[in-house]
Each structure stands twice: as structure tokens, then as C-alpha cells.
Protein chains: 2
Amino acid sequence: MPTIPPHEDEPRTCRLCSVRSNGICRVLDTSQLARLARHTRSTRHEAGAEVFGDETDITTYANVVSGVIKLMKVLEDGRQQVVGLKFANDFIGRIHAASNALSAEATSEVELCLVPRALMEAMLEENRPLERWLMKETLRELDEAREWMVTLGRKSAAERVASFLYLIALHVNPELGSDTATVEYDLPLTRSDMADFLGLSIETVSRQLTELRRLEIIVIHNKRHVHIPDTERLRQRAG
Amino acid sequence: MPTIPPHEDEPRTCRLCSVRSNGICRVLDTSQLARLARHTRSTRHEAGAEVFGDETDITTYANVVSGVIKLMKVLEDGRQQVVGLKFANDFIGRIHAASNALSAEATSEVELCLVPRALMEAMLEENRPLERWLMKETLRELDEAREWMVTLGRKSAAERVASFLYLIALHVNPELGSDTATVEYDLPLTRSDMADFLGLSIETVSRQLTELRRLEIIVIHNKRHVHIPDTERLRQRAG
DNA sequence: CGAACTGTTGAGTCTAGTCAATACCCGTGG
DNA sequence: CCACGGGTATTGACTAGACTCAACAGTTCG
């Protein structure tokens with residue numbers, strides 16, 4: 001278990017990103033990193049906590065340090081759809097908008113680094129690589145959203161669940177596909193969250209997981225820990 | 001039928017956008033408009049024609065002058081999903097990427113204005129308002145994609161079809177919702193395209209249209225022309 | 001007129017949803 | 001220690017909504 005240093009007010013280099021990350025800090029110069037360190041604030045949220053509300057004004061942006069956050073849209077009658085997941089080093093926030101019509105909730109314990117809106121916008125103004133980095137991030141989000149539209153619109157329940165497990169596997173090991181790779185991880189979402197992401201009912205998600213287990217495509221321990229002996233088989237099931 | 005002026009090589013002000021548009025030309029300075037006029041090329045495509053292929057390299061960007069284009073993703077087994085629609089004044093192209101894993105097809109007769117990749121990137125480099133405009137466009141696309149994810153993941157067939165009709169109505173008259181407004185338009189998509197957009201079968205789309213007609217929420221002439229006497233009723237049916 | 005294409009309608013099937021019961025996992029407190 | 005309660009997950013029985021297959025209607029074009 002990692003120890004969490006408390007937030008310190010002295011300026012120092014950025015704690016936002018891990019060393020090997022492609023996160024935001026990669027494109028900041030030293031002066032900006034120093035400013036960032038002075039003005040950012042780190043927060044923690046436990047699983048299930050709301051991070052940003054549906055209609056709250058956006059006064060800060062955030063960088064995910066650890067944990068997973070789900071972005072949700074909710075209909076009047078209560079139906080809800082997860083429209084995106086944010087992992088470590090992902091950036092959260094809607095530039096150029098007063099509100100986002102989206103709520104963000106922690107699905108596991110989450111550590112965030114909050115960046116004041118004014119600071120972020122000032123840095124964007126003076127740092128073009130940062131602006132370009134943000135553009136690329138936004139395009140990646142768009143690609144992900146469109147990829148998921150195919151899953152929601154055209155795939156069966158079996159394929160959806162497999163797609164989700166493969167998606168997480170790819171996050172754990174981005175270099176999949178080369179060999180018959182083995183992956184193992186803890187699911188960052190409850191069955192209910194998975195259902196909301198996949199556009200299914202919890203019962204269907206559960207049944208499909210059982211079926212995947214029966215086919216020995218996955219092994220599950222303690223409801224949450226997933227072992228995938230052959231990711232290629234899983235990928236094929238994902239459609 | 002409009003006459004199509006052949007492309008002219010003399011520099012002149014931009015023909016890309018209509019006067020009242022929020023399109024790309026709004027953020028270009030006069031020198032750039034002149035350069036654009038020299039290097040753009042206009043093309044037409046008939047309904048059903050492929051505009052950009054799935055894996056073709058991106059050598060040009062494009063501005064939609066008139067007509068509608070669908071962006072599609074296709075699975076190996078042939079299932080396909082429309083992940084976006086492009087209308088007049090919309091910009092098409094994936095900045096910072098070699099390929100887009102997306103195909104674009106005209107759904108009605110389409111007039112495009114092609115912008116060479118190098119020119120676009122040069123202008124982006126020297127014109128920050130343009131860069132910011134593109135960022136906003138991308139964010140709008142992301143919002144639209146996420147909105148549609150809710151439709152695909154959580155809405156019934158009846159709600160999906162109503163959502164689609166309302167979406168088009170909003171495009172025809174962006175100031176809807178104020179009063180009990182009446183809207184009338186020609187559907188820019190075939191039943192098959194609608195099905196691919198909505199994640200439904202053509203038969204289900206057809207049945208839902210029949211049902212909407214029976215409820216007198218819409219009136220259809222010649223299969224394609226839709227009249228909506230009370231857009232509020234339609235919106236309610238859209239969930 | 002027939003062919004090709006698009007759209008509508010009907011009948012039967014099947015997938016995924018709903019409702020309900022039960023199992024499992026933990027933490028609390030007797 | 002075990003009993004109890006609350007939350008989460010699984011499983012079963014039944015149902016409803018959308019899909020498939022198939023027939024047919026309406027248009028356009030040669």
C-alpha cells in the first residue's frame with residue numbers, strides 16, 4: 001500500500017503525474033510546473049462519491065492521480081448512462097463552457113489534483129504545446145466515445161461485457177495483442193456501474209460474466225478480481 | 001436545381017461558408033481567406049457515395065457546403081453504426097492523426113470544399129482563433145457523441161426514433177422549445193441509414209414511424225417529407 | 001412492362017429486461 | 001463466537017420488446 005504524502009504548500013515540481021505518464025505535466029515548462037504546484041490542491045473521494053455535479057459551475061479542472069471516475073448522463077426518469085471513464089493521468093474538465101451537463105462520480109477510491117480554472121486558462125493561453133496536448137486528449141475522448149457507440153448500438157450483451165473486460169485489460173497492459181497475453185486486474189466498477197456503462201441490466205451483466213466463467217475465458221475471485229488467461233479469446237468474443 | 005460554378009483558380013474571398021454561418025471562415029483573416037480561395041477545391045458527391053474511406057490516409061480536410069454526411073464505423077462481420085452526422089458548415093477531418101478508422105459517406109447530394117492538409121495545418125499554426133474554433137467544434141462533437149450514447153444505451157426504439165426526428169428538427173430550427181413550434185423538413189437519411197444511426201433494424205424504424213404517424217405526432221409525405229405540428233409532443237416522446 | 005430499389009406490414013422467435021428469491025460478503029453488536 | 005442486517009451479486013421464471021424472415025406495396029428507370 002502506497003503512503004500518501006499530505007498536500008504541501010511550498011512550491012515544488014509537479015506531483016500531478018507519475019514519471020512515465022503522458023499526462024498534462026509533460027507539456028509544461030518549469031515555470032508553469034512551479035506555479036501549478038503552488039495553486040493545485042489535492043483531494044480524495046471514496047467510491048461512490050460525486051466529484052462534479054450535473055449542473056455545477058466549473059471552477060476547477062482536475063487531473064486524476066489514482067482511481068477511476070465515471071462520467072454520467074442521467075435522464076429525467078432516472079435512467080442513466082456512463083459516457084466515459086477516467087483513469088490515472090486523465091484530465092477532467094470542459095474547456096470553454098460554463099457547465100457540462102454531466103456528472104462525475106468516483107467508482108473506486110480516487111485521488112485528484114485540482115487545478116483552478118483561471119490558472120488552467122492562463123497556461124493554455126501562453127503555452128501552445130499545452131493547448132495542442134489538450135486537443136489531442138479531446139480527440140482521444142471523441143474516438144473512445146465513438147468506439148463505444150458501436151458497442152452500444154450494435155453489439156449483443158455477450159459482446160458488450162467482453163468488450164468492457166477487454167477495454168480494462170488494455171488499460172492495464174496497453175501492449176496487448178502481440179502474443180497470447182495473460183492479464184489480471186481488479187474491476188474498478190460495480191456490476192451496477194458496468195450495467196450503466198454497457199447499456200444493460202445488472203442481471204444481464206451478471207449472467208454474461210457467469211457465462212464467460214463457464215467458458216473459462218475468465219476466472220473471477222472475490223467478485224471483483226478478474227484473471228484472463230488468453231486475452232485473444234476474450235477479444236474474439238468482443239465482436 | 002442550383003447551378004454549380006466550376007472551380008476557379010483566381011484568388012477571391014472564401015466560398016466555403018454561407019453568410020450567416022458559424023463555420024470556419026469566421027475565424028480566418030483576409031490573407032488566409034485569400035490563400036484558402038487559391039488552394040481549396042470543391043467537389044460534389046451523390047447520395048451514397050463514399051467521401052473518405054476507412055483506412056485512407058488523410059490528405060485533405062473538408063468543409064460541408066451543402067448536404068449531409070454520415071460518419072460510420074463498421075465491424076468485421078458487416079454490422080455498422082453511424083457515429084456522427086455532418087451538416088452544412090461542419091468541418092470534417094481528424095487533426096493530428098494519420099488515419100481515422102472511420103468512413104464518411106454522403107447521405108444526400110453533397111457539396112464539399114476540400115482544404116489541403118498542409119494548408120490547414122499551417123493556418124492552425126499561425127492563427128490561434130482558428131485553433132480555438134477547432135477545439136470548440138471538437139468539444140461540440142464530443143457532447144453530441146455522448147448525448148447519443150444515452151440514446152443508444154438507454155432509450156427504447158420509440159424514443160430513439162423520436163429523438164432522431166427531434167435532432168433533425170433542431171437542426172432546421174435551432175430556436176425550438178420556445179413555443180409550440182411547427183417544423184417541416186425532408187429526411188436526409190434513408191430508413192437504412194436511420195437504422196444504422198439509431199442502432200435498430202430498418203423494420204423497427206419503419207414501424208415506429210408508422211406509430212408516430214398514427215398518433216399524429218408527425219405527418220409524412222412521399223416517405224421522406226416530415227411535418228411536425230407540435231415539436232413539444234415529439235420531444236416528450238424522445239424520453 | 002419488368003427490374004431494382006426503398007419502404008411497409010405481418011408472423012414467429014429470441015434476446016434481454018423485470019420481478020422475485022436466494023446467496024455471499026462484511027461489519028456490528030449481542 | 002455467532003446472529004443479524006445491509007449491501008452486492010447470482011440465479012430462476014416469466015415477459016416484453018426488438019429482430020429475423022418473408023411477403024407485398026410504391027417509385028423510378030430502362
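How do the residues of the surface near DNA strand D divide into nonpolar, polar and charged? Two are nonpolar, seven are polar and seven are charged. The structure is a predicted model.

**Where chain A meets chain B**

- The contact involves 44 residues of chain A and 44 residues of chain B.
- About 4,200 Å² of area is buried between chain A and chain B. Carbon and sulfur atoms give 56% of that area.
- On the side of chain A that touches chain B, 18 residues are nonpolar, eight are polar and 18 are charged.

**Salt bridges and polar contacts between the chains**

- The rule finds 12 salt bridges across the interface of chain A and chain B.
- One salt bridge joins the side chains of Glu141(A) and Arg146(B), with an N to O distance of 2.8 Å.
- Polar contacts cross the interface of chain A and chain B too: the rule finds 24 residue pairs, with both residues at pLDDT 80 or more.

**Which elements of chain A take part**

- Two strands of chain A, E4 (69–74) and E5 (80–86), each give two or more residues to the side that touches chain B.

**Around DNA strand D**

- DNA strand D is surrounded by 16 residues.
- The closest come from both chains. Chain A has Arg191(A), Ser206(A) and Thr210(A) in this group. Chain B has Ala157(B) and Thr204(B).
- Of the atoms of DNA strand D that come within 4 Å of the protein, 63% belong to sugar and phosphate.

**Side chains at the phosphates**

- In chain A, a polar side-chain atom of Thr210(A) lies 2.6 Å from a phosphate oxygen of DNA strand D.
- In chain B, an N or O atom in the side chain of Thr204(B) is 2.4 Å from a phosphate oxygen of DNA strand D.
- The side chain of Ser201(B) has an N or O atom 3.1 Å from a phosphate oxygen of DNA strand D.

**Helices near DNA strand D**

- Helix H6 (202–214) of chain A and helix H6 (202–214) of chain B each supply at least two residues of the surface near DNA strand D.
- H6(A) provides the largest share of that surface, four residues.

How values were computed. Residues are numbered from 1 along each chain as its sequence is written. Chains are lettered from A and ligands numbered from 1 in the order in which they are written. This is a predicted model: local features need pLDDT of at least 70, side-chain atom pairs count only at pLDDT 80 or more; totals for chains, interfaces and linings use all residues. Side-chain values use heavy atoms; hydrogens and water are left out. Contact means heavy atoms within 4.5 Å. Buried area is the accessible area (1.4 Å probe) that two parts lose on being put together, summed over both. A salt bridge is a side-chain nitrogen of Lys or Arg within 4 Å of a carboxyl oxygen of Asp or Glu. A polar contact is a pair of N or O atoms within 3.5 Å; within protein, one must be able to donate a hydrogen and the other to accept it, and residues adjacent in sequence count only if both atoms are side-chain atoms. Ala, Val, Leu, Ile, Met, Phe, Trp, Tyr, Cys and Pro count as nonpolar, Asp, Glu, Lys and Arg as charged, and the others, Gly among them, as polar. A residue is near a molecule or strand if one of its heavy atoms lies within 4 Å of it.
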